Amino acid sequence: MPTRAARPARTPARLAACIAAGAVVAGVLGCSRPLLSPKEERSPFDRYDAVRNRHAPQYVEDAFGRRQPNLRGRLEPRD
């Protein structure tokens, strides 16, 4: 019966190099420009609401001053 070739053991230096490379890639990609700017329209519905002066802001501040997405204001039914 043929024997399998022994796989090289993973060394701590190899693991550390992979973690360092991952951190560098995450740092480079994390600092890139956002895909959608808060100033740009997101859909034709945003343009429709803006023309009729019913545009809901993208973010609101809660009672503690933290910035939260305005899900309720953007998703509630319009009159």
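What follows is a chat about a predicted model of one protein chain.

Visitor: How many helices and strands are in the chain?
Guide: The chain has 3 helices and 2 strands. This is a predicted model, so read every value as computed from that prediction.

Visitor: And in what order do the elements run from the N terminus?
Guide: The order is α-α-β-β-α.

Visitor: How much of the chain counts as buried?
Guide: Of its 79 residues, 8% count as buried.

Visitor: What does the accessible surface come to?
Guide: About 7,800 Å² for the chain, and carbon and sulfur atoms hold 61% of that.

Visitor: Let's pick a residue. Where is Asn70?
Guide: Asn70 is in the loop between β2 (67–69) and α3 (71–75).

Visitor: Buried or exposed, that Asn70?
Guide: Asn70 is buried.

Visitor: Why does Asn70 count as buried?
Guide: Because its relative accessibility is 11%, and buried means under 20%.

Visitor: Which residues does Asn70 touch, not counting those up to four places away in sequence?
Guide: Asn70 touches Ala56, Pro57, Gln58, Tyr59 and Val60.

Visitor: What does the side chain of Asn70 reach at Pro57?
Guide: The backbone oxygen of Pro57, at 3.0 Å. A polar atom of the Asn70 side chain also lies 3.1 Å from the backbone nitrogen of Gly73.

Visitor: Now another Asn. Where does Asn53 lie?
Guide: Asn53 lies in the loop between α2 (44–51) and β1 (59–61).

Visitor: Is Asn53 buried or exposed?
Guide: Asn53 is exposed, at a relative accessible area of 72%. The cut-off for exposed is over 50%.

Visitor: What about phi of Asn53?
Guide: Phi is near 60° there, a positive value in a residue that is not glycine.

Visitor: Switching to rings. How many aromatic pairs does the count come to?
Guide: The count is 0 aromatic pairs. Two tyrosine rings do have an arginine over them, Tyr48 and Tyr59.

Visitor: What sits over the ring of Tyr48?
Guide: The charged end of Arg52, 3.7 Å from the ring centre.

Visitor: And which residue lies over the face of Tyr59?
Guide: Arg67 does, at 3.8 Å from the ring centre.

How values were computed: Residues are numbered from 1 along each chain as its sequence is written. This is a predicted model: local features need pLDDT of at least 70, side-chain atom pairs count only at pLDDT 80 or more; totals for chains, interfaces and linings use all residues. Side-chain values use heavy atoms; hydrogens and water are left out. Helices (H or I, at least four residues) and strands (E, at least two) are DSSP runs, numbered from the N terminus. Buried means under 20% relative accessible area, exposed over 50%, partly exposed in between (1.4 Å probe, protein chains only). A polar contact is a pair of N or O atoms within 3.5 Å; within protein, one must be able to donate a hydrogen and the other to accept it, and residues adjacent in sequence count only if both atoms are side-chain atoms. Contact means heavy atoms within 4.5 Å. Accessible areas come from the Shrake-Rupley method with a 1.4 Å probe; for residues, only the protein chains shown count as cover. Rings of Phe, Tyr and Trp (its six-membered ring) pair if their centres lie within 6.5 Å; planes under 30 degrees apart count as stacked, over 60 as edge-to-face and the rest as tilted. A charge sits over a ring if NZ of Lys or CZ of Arg is within 6 Å of the ring centre and within 35 degrees of the ring normal.
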